[in-house]
Amino acid sequence: MTVGLLERELPAAEIVRPASEDDIDKVLAEAAARADVLAVVGGDGTVNAGARAALTHDVPLLVVPGGTFDHFSRAYGIESPADAIAAYRNGRLGRVDVGSVQSTDEEQLFLNTASFGAYTEIVDRRERLERRLGKWPALAIAAVRTLRRSQPVELDVDGHRRRVWLAFVGNCVYGTPGAAPSWRSRLDDGRLDIRVVATGRRVPRVRAVAAVLAGHLPLMPGYRAWHAGGLELWSPAGGCASPATARCRRWRAPSASPNTAGPSPSSAPPSEPRGVRMAGVRPGRGRERRY
């Protein structure tokens, strides 16, 4: 249905239909190399891959909703394929920040969030259940099933040793303190939204579940939150990422200036002043210019 609409409304567009066995990164890179605007139909995972190709080839990215949740396209103000077509036709470009998780031999980009510890499992379980049960029942079940068994991971967080139980890193600042934030007022504020729950030897599982269900993570013992331009993680046991050393860094829009609060920013290299160009722009969603 979505592809048919694009073919009707944008007849000059080249439509690429990857096969299930194709390498999506390779397909997107090849398309971006010959595109004036790279349009990506899919959910947040596909959009992340599209952002990587768009950055590499310096072309604007047009997000066309087509996934289960479409968190990023909704945050950008594109609710439907028709919205995406209108955004393309208005001839304006926005620029949004891109988060980057870097290790010794690879880099992964994210437009929404990165997570580690129990948070990753909670999110994965919630998303599997959300379409069938709704967001909040799915979150409740995911929290109970995950937090009753998960164990903290010993990490160095910006040079400080912590037993981290769950952690969330958002690309730009999210507006709610809950365990499943989805709203951002800006996508180019130049900051990472970092939320970490560290524990001692005794893990407060009952209070953790209560805090998740109440939608207020600050109720959890050991909760800390801050905004920064980067975050450096190191795991002696390799339990955070493979390989064990990772950096969470951001590319920021040229107009943004980092605003750091709480713990000192990491010793990671300064963020590259760069963001992905987006076809179409909504008020408060990014710096604007025309094609």
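**Close-up views of the predicted model**

Asp-156 is buried, with a relative accessible area of 17%; buried denotes under 20% relative accessible area, exposed over 50%, and partly exposed the range in between, computed with a 1.4 Å probe and protein chains only. The model is predicted, so local features are taken only at pLDDT of at least 70 and side-chain atom pairs only at pLDDT 80 or more, whereas totals for chains, interfaces and linings use all residues. Residues are numbered from 1 along each chain as its sequence is written, and side-chain values use heavy atoms, with hydrogens and water left out. Arg-161 forms a salt bridge with Asp-156, with the closest N and O atoms 2.3 Å apart; the term denotes a side-chain nitrogen of Lys or Arg within 4 Å of a carboxyl oxygen of Asp or Glu. A salt bridge also joins Arg-161 to Glu-154, where the closest N and O atoms are 3.0 Å apart. Glu-154 is partly exposed at 42% relative accessible area, and Arg-161 is partly exposed at 42% relative accessibility. Through shared partners, the salt bridges join Glu-154, Asp-156 and Arg-161 into one network.

**The salt bridge between Arg-17 and Glu-7.** Side chains of opposite charge can pair when their charged atoms come close. By the cut-off used here, the count of salt bridges comes to eleven. In one of them, the side chains of Arg-17 and Glu-7 meet with an N to O distance of 2.7 Å. This pair links distant parts of the chain, ten residues apart: Arg-17 belongs to the loop between H1 and H2, and Glu-7 to helix H1. Helices (H or I, at least four residues) and strands (E, at least two) are DSSP runs, numbered from the N terminus. Arg-17 is exposed, at 55% relative accessibility, while Glu-7 is partly exposed, with a relative accessible area of 36%.

Patches consist of residues with over 30% relative accessible area and no salt bridge, with like charges joined within 9 Å and nonpolar side chains (Val, Leu, Ile, Met, Phe, Trp, Tyr) within 5 Å. Accessible areas come from the Shrake-Rupley method with a 1.4 Å probe, and for residues only the protein chains shown count as cover. Lys and Arg count as positive and Asp and Glu as negative, with His and the chain ends not counted; each charge is placed at NZ of Lys, CZ of Arg, CG of Asp or CD of Glu. Glu-21 lies in the loop between helix H1 (2–9) and helix H2 (24–33). A relative accessible area of 65% makes Glu-21 exposed.

**The positive surface patch around Arg-132.** A surface patch of positive charge gathers Arg-132, Arg-145, Arg-148 and Arg-149. Arg-132 is part of helix H6 (residues 118–133) and is exposed, with a relative accessible area of 64%.

**Helix H3 and the residue that follows.** Helix H3 (residues 44–57) has 14 residues and should span 20 Å at 1.5 Å a residue; its end C-alpha atoms are 20 Å apart, in agreement. The expected span is 1.5 Å times one less than the number of residues in the helix. Asp-44, Val-47, Asn-48, Ala-49, Gly-50, Ala-51, Ala-53, Ala-54 and Leu-55 are the buried residues of H3. Just after H3, Asp-58 takes a positive phi of about 55°. Most residues other than glycine have a negative phi. Asp-58 belongs to the loop between H3 and E2 and is exposed, with a relative accessible area of 55%.

**The positive phi of Asp-158.** Asp-158 has a phi near 50°, a positive value in a residue other than glycine. Asp-158 is placed in the loop between strand E7 (153–157) and strand E8 (160–171). With a relative accessible area of 15%, Asp-158 is buried.

**Two pairs of residues separated along the chain.** Met-1 and Pro-81 are 80 residues apart along the chain, and their C-alpha atoms are separated by 9.6 Å. Met-1 belongs to the segment before H1 and is exposed, at 94% relative accessibility. Pro-65 is in strand E2 (residues 61–65) and is buried, at 7% relative accessibility.
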